[in-house]
Amino acid sequence: MADETNIPPDTENPSSGNELQGEETIHEITAINGLYENWFLDYASYVILERAVPAIEDGLKPVQRRILHSMKDMDDGRFNKVANVIGHTMQYHPHGDAAIGDAMVNLGQKDLMIETQGNWGDMRTGDSAAAPRYIEARLSKFALEVAFNADTTQWQASYDGRRKEPVTLPMKFPLLLAQGVEGIAVGLSTKILPHNFVELINASIEVLRNKPFTLYPDFLTGGSIDISNYNDGFRGGKIRCRARIEEVDKKTLLIKDIPYGTTTTSLIESIVKANDNGKIKIKKVIDNTAADVEIEIQLHPGTSPDITIDALYAFTECEVSISPNACVIVKDSPNFLSVSEILKISAQNTKDLLRQELEIKKNSLEEKWHFSSLEKIFIENRIYRNIEECETWEAVLLAIDKGLKPHKKKLRREVTTEDIIRLTEIKIKRISKFDAFKADEYVKDLEAEMEEVDNHLAHLTDFAIDYYKNLLKKYGKGRERKTEIKTFDTIKANVVAIANQKLYVNYKEGFVGYGLKKDEFISECSDLDDIIIFRKDAKMQVIRIAEKTFVGKDIEYAAVWKKNDERMIYNLIYVDGKSGITRAKRFAVTGITRDKEYDLTLGNKNSRMLHFSANPNSESEVVTVYLSPNSKAHKKIYDYDFADLDIKGRASQGNILSKHTVKKIVFKQKGASTLGGRDIYYDEILGRLNVDERGKYLGSFNLDDLILVVFSDGSYELTSFDLTNRYEAEKILIIEKYYPEKIISALHYDATHQCYYAKRFCIETTTVGKKFVFIDEAKNSSLVFVTTFKNTVLNLTAKSGKDKETLTINVDEFADVRGWKALGSKLNVESIMDVEFTSGEEQIFEPVVAEIEETEAETQPEETPAKEFEELPKEKKKGDQLKLF
């Protein structure tokens, strides 16, 4: 591609541009390919180095550095109008005032380098700051201490050459990691997350000690983070950040902290959007944010708070994923580093700056010592009298040098002309009032200070560590970690999505979907669900729910399908189209390829389904088989029990039910669960139930079984064993399978009567999901000890008056079993200082087996022994039943 440019006519020769005179017009052709390439590289380099990416030395972008430098220029200890600071910064920054103002507000909101006054906005709510003419700022004491030293600063000319600005500030603190940074350049970007002030200083000390350390992000907005994939801040890593959601009651949730990078406004908008899209179901959202974040979410009656919390994390900004990408400028080029590498460079840079400051201080002290000694020699030996007869300046200098010559060996360096000139500038008044004793003391102080500096230089690492410790002591208060580090569970969107659609099916024509409102209703579902379909030709298929989908005529069964559900067992009887043999099989469908059609038979043509059932808890069943009257079988009607059939994969061919022609199959009765109870575990880290053998084993649960939870506030709650339940692990003292006859023993302080009581009781309430307080509800009442062991023996360190005593009590003998509201038996002590568990036994409940009667008329399927109580889990620890605090 080329650009043609006409050369303008020569103004001195007007006829040169006149084609009518027979002269040709001159054209110049310039290729722009090379120009574009060079210009683009120049522009990209400028944006990377001068605008978007921070320098490793001070952790600042150029605009931030120029703002701080301008504030130092203007610093007189008082606040300055931000508008004035912006104007002053424009002497160094070749861009508009808006960019400078935004960068300054961003620095001020991080509350580290700039002390603010006025309305600076709120990063939590997204509210913007007031106009620059209305707000004020000054450098913080911390900034003045760690960021400025003219003697160790490298300077360069400003963009217009009128002033000098720092290349980088002499930063003696890992500011880059403390504040974090985000920038988009040409061809690359950077995103470094903020870290905790205290942890950064402690980690810097560990770096200087050559010890290992770990660093994780910390945000002013609080919340919680999962750092499992943080990858030390390297690109490719990821963290998950969540809001802190509290359950006030069954109808109200409160959001207390918000994730980093969000605002209360954007968070509320995402909640409303999710509600409008049918992902969650809420009644109202109220923003009560003032000094602290508080977003109130009101739920509709009957809505599960636990599922709603999971849905908020899955479908709204209550959980966000952040990918760090630590890119910084090192030696005028962008480099991708880890957080640990950045901190190590910062610590080494701080140590080097401290060395430079000590060396500068040492040179200054040596100069002071040299001139003080020189001055003392000059005055005490009255060398100034030697110049009285001198007539020229050179003679004066020569006379003083000659007078100093016998004393030069006492000095630490050569006497220069400048030194002699300084001696001539001493005033007569100072000479007349010279005090030799004070001069000697001053020199001694200088020598002591020089010795201290030499010691610091000799032990530079220790000096740097003390420097960091001093920073922590002076500025660390109130800068403790705000973001909680946790391990998050993975929330499956299709599990927590509310049922916002209705599933319909046309069995004959072969259509399923939520738009078939005139056909048969199956169940509630969400628009994220998958649907499983079984047809009469023994074909199976799983599809994503849609408004209307054709899956093949003669549908036998359709329902919402749950992936990896091993307890949903399908019972199938089919006849093979080739051999005519009837087979029975039991199988689960845990994983499939969506939209793929699966044949559940041997694959022969004309195979068809004779019987089908879906069993959510692996129930077996008994069916009656009717053979064809023309068959040669002696017994043409008999029962078949699916309990005798093993559960296999869906691709299995099944067991032979009959080689004769089967006329029909009739359901007779439902059987027991083949897989038995469901093993439930409690993950104490996540506060969630699971079936993956993570955490504490609670037991084997059947359909009506419950979980008992005892809390540190003296309350208990019965819950289902639904895997969507959420538990506040830090508040739980006991969590185990519930047995109605199990006795709970507790020791509590009753603030109303100002006494300690021991009580034993059984759970008498039956309401699931509601807390019941079993101690006094007055202020300062507390639960001291609780267990579900029997024959519990405790050693109590108690106080009565001024005396301490140790009491040993058997709780079973001391207190009778009473109602859960009873106070219990009084302990005659003034206060209990410590409780030591000595011994106790688990309460074990054996299964009760009921006898099965058989009638002579026909053989009934064997019933499952009835269980009043199951055995407690085998893997039990004493701490599982006992909690002290």
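The protein has 18 helices and 51 strands, counted as DSSP runs of at least four residues (H or I) for helices and at least two (E) for strands, numbered from the N terminus. This is a predicted model, in which local features need pLDDT of at least 70 and side-chain atom pairs count only at pLDDT 80 or more, while totals for chains, interfaces and linings use all residues. Residues are numbered from 1 along each chain as its sequence is written, and side-chain values use heavy atoms, leaving out hydrogens and water.

**Overall picture**
- Of the 885 residues, 46% count as buried, meaning under 20% relative accessible area with a 1.4 Å probe and protein chains only (over 50% is exposed, in between is partly exposed).
- The accessible surface comes to about 47,200 Å², and 47% of that belongs to carbon and sulfur atoms; areas come from the Shrake-Rupley method with a 1.4 Å probe.
- Among contacts (heavy atoms within 4.5 Å) with a separation of 6 or more, 67% are between residues 24 or more positions apart.

**Nonpolar cores**
- The largest nonpolar core has 69 residues, and Leu 68, Met 104 and Phe 142 are among those with the most contacts inside it; such a core is a set of buried Ala, Val, Leu, Ile, Met, Phe, Trp, Tyr and Cys residues joined through side-chain atoms within 4.5 Å.
- Helix α7 (residues 197-208) supplies the largest share of this core, 8 residues.
- A second, separate core of 21 residues includes Ile 255, Leu 299, Leu 312 and Cys 318.
- Back in the largest core, Leu 68 touches residues including Leu 60, Met 113, Phe 148 and Leu 169, not counting residues up to four places away in sequence.

**A four-stranded sheet**
- An open sheet of 4 strands runs in the order β41-β39-β40-β44 with antiparallel pairing; two strands pair if DSSP finds at least two bridges between them.
- Strands β41 (732-737) and β44 (771-773) stand at the edges with a single partner strand each, so one side of each has no neighbour in the sheet.
- Strands β39 (residues 707-711) and β40 (residues 715-719) run antiparallel and are joined by 4 bridges.
- Ile 707 stands opposite Thr 719 in β40.

**A closer look at Asp 419**
- Asp 419 is found in helix α12 (residues 417-424) and counts as buried because its relative accessibility is 5%.
- Its side chain makes a polar contact of 3.0 Å with that of Arg 413; a polar contact is a pair of N or O atoms within 3.5 Å, and within protein one must be able to donate a hydrogen and the other to accept it, with residues adjacent in sequence counting only if both atoms are side-chain atoms.
- Asp 419 also touches His 370, Phe 371, Leu 374 and Glu 414, not counting residues up to four places away in sequence.
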